[in-house]
Amino acid sequence: MRKDIRLVARLFVLGTLMVVLASACGKKEVKLVSQDSKMAEEAFSVADALRSAYVKKDFASAAEKCSKEGYKDFIDSIKHFDSADLEFTPRWVEIDKTKVYLNIAWKGTWVVGKDTTRERGMAVFLLDGMPLKMVKIVRGNPFKYPEAQQ
């Protein structure tokens with residue numbers, strides 16, 4: 001009889017402990033997303049859309065993500081390639097009112113005929129407007145490759 005009472009007592013304590021732990025862990029705090037965070041995510045999305053359009057040679061899609069001046073810079077920098085693989089890794093975002101400076105580490109591989117070119121670098125895109133559009137590639141343009149072979 002004593003063993004049964006001890007077992008019931010232990011089960012009761014264990015059950016109570018589990019209920020307390022479950023209720024303590026069950027509350028989730030809802031955090032609001034800041035406006036800067038939303039702008040940064042949108043900037044990443046624009047850059048990735050440009051990268052994807054470039055690789056697919058879908059320049060109509062790229063035009064939708066650029067201002068007129070930005071699209072002219074983008075299209076004027078493109079060199080002929082048969083295929084390309086381009087990876088973007090966002091590194092830093094600077095927000096100045098409506099302007100967003102997006103720093104991206106990139107690496108790419110371009111194939112032209114039997115030649116393969118591999119490059120990497122850091123690019124800075126200037127985005128502005130609502131919705132954000134690429135206005136200018138300030139430095140490190142990943143879309144200017146492959147450069148002519150000497």
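Visitor: Which side chain does the side chain of Ser67 make a polar contact with?
Guide: The partner is the side chain of Glu69, at 3.4 Å. A polar contact is a pair of N or O atoms within 3.5 Å; within protein, one must be able to donate a hydrogen and the other to accept it, and residues adjacent in sequence count only if both atoms are side-chain atoms.

Visitor: What sort of model is this, and what pLDDT do local features need?
Guide: The model is predicted; local features need pLDDT of at least 70 and side-chain atom pairs count only at pLDDT 80 or more, while totals for chains, interfaces and linings use all residues. Residues are numbered from 1 along each chain as its sequence is written, and side-chain values use heavy atoms, with hydrogens and water left out.

Visitor: Back to Ser67. Where is the place of Ser67?
Guide: Ser67 sits in the loop between α3 and α4. Helices (H or I, at least four residues) and strands (E, at least two) are DSSP runs, numbered from the N terminus.

Visitor: Is Ser67 buried or exposed?
Guide: Ser67 is buried, at a relative accessible area of 15%. Buried means under 20% relative accessible area, exposed means over 50%, and partly exposed is in between (1.4 Å probe, protein chains only).

Visitor: What is Ser67 in contact with, leaving aside neighbours within four places in sequence?
Guide: With those neighbours left aside, Ser67 contacts Lys133, Met134 and Val135. Contact means heavy atoms within 4.5 Å.

Visitor: And Lys133, which strand does it lie in?
Guide: Lys133 belongs to strand β4. Lys133 is partly exposed, with a relative accessible area of 29%. Apart from neighbours within four places in sequence, the contacts of Lys133 include Glu64, Lys65, Cys66 and Leu127. A polar atom of the Lys133 side chain lies 3.1 Å from the backbone oxygen of Glu64.

Visitor: How many residues apart in sequence are Lys133 and Ala43?
Guide: Lys133 and Ala43 are 90 residues apart in sequence, and 8.2 Å apart in space, C-alpha to C-alpha.

Visitor: New topic, the core. Which residues touch the most other members of the largest nonpolar core?
Guide: That core has 28 residues, and Tyr54, Phe88, Trp110, Phe125, Leu127, Met134 and Phe143 touch the most other members. The elements giving two or more residues to this core are α2 (35-56), β1 (83-96), β2 (99-112), β3 (115-128) and β4 (133-139). Helix α2 gives the most, with seven residues. A nonpolar core is a set of buried Ala, Val, Leu, Ile, Met, Phe, Trp, Tyr and Cys residues joined through side-chain atoms within 4.5 Å.

Visitor: What is Phe88 in contact with, leaving aside neighbours within four places in sequence?
Guide: Under that exclusion, Phe88 contacts Ala47, Arg51, Ile104, Ala105, Trp106, Phe125, Pro142 and Phe143.

Visitor: Which residues of α2 are buried, then?
Guide: In α2, Met39, Ala40, Ala43, Val46, Ala47, Leu50, Arg51, Ala53 and Tyr54 are buried. The cover over the buried residues of α2 includes α3 (59-64), α4 (68-77), β1, β2, β3 and β4.

Visitor: What should α2 span at 1.5 Å a residue?
Guide: The 22 residues of α2 should span 32 Å, and its end C-alpha atoms are 32 Å apart, which agrees. The expected span is 1.5 Å times one less than the number of residues in the helix. Just after α2, Lys57 takes a positive phi of about 60°.

Visitor: How many salt bridges does the structure hold?
Guide: There are three. A salt bridge is a side-chain nitrogen of Lys or Arg within 4 Å of a carboxyl oxygen of Asp or Glu. Arg51 forms one with Asp48, the closest N and O atoms being 2.9 Å apart. Both lie in α2, three residues apart, about one turn of the helix. Asp48 is partly exposed, at a relative accessible area of 38%. Lys72 and Asp76 meet at 2.8 Å, N to O; both lie in α4, four residues apart. Between Glu147 and Lys144, the closest N and O atoms are 3.7 Å apart.

Visitor: Last one, the strands. How many bridges join β1 to β2?
Guide: 13 bridges join β1 to β2, and the two run antiparallel. Two strands pair if DSSP finds at least two bridges between them. Ser83 stands opposite Val111 in β2. The hairpin of β1 and β2 has two residues between the strands, and Lys97 there takes a positive phi near 60°. β2 and β3 also run antiparallel, joined by 13 bridges, and Gly108 has Glu119 in β3 as its bridge partner.
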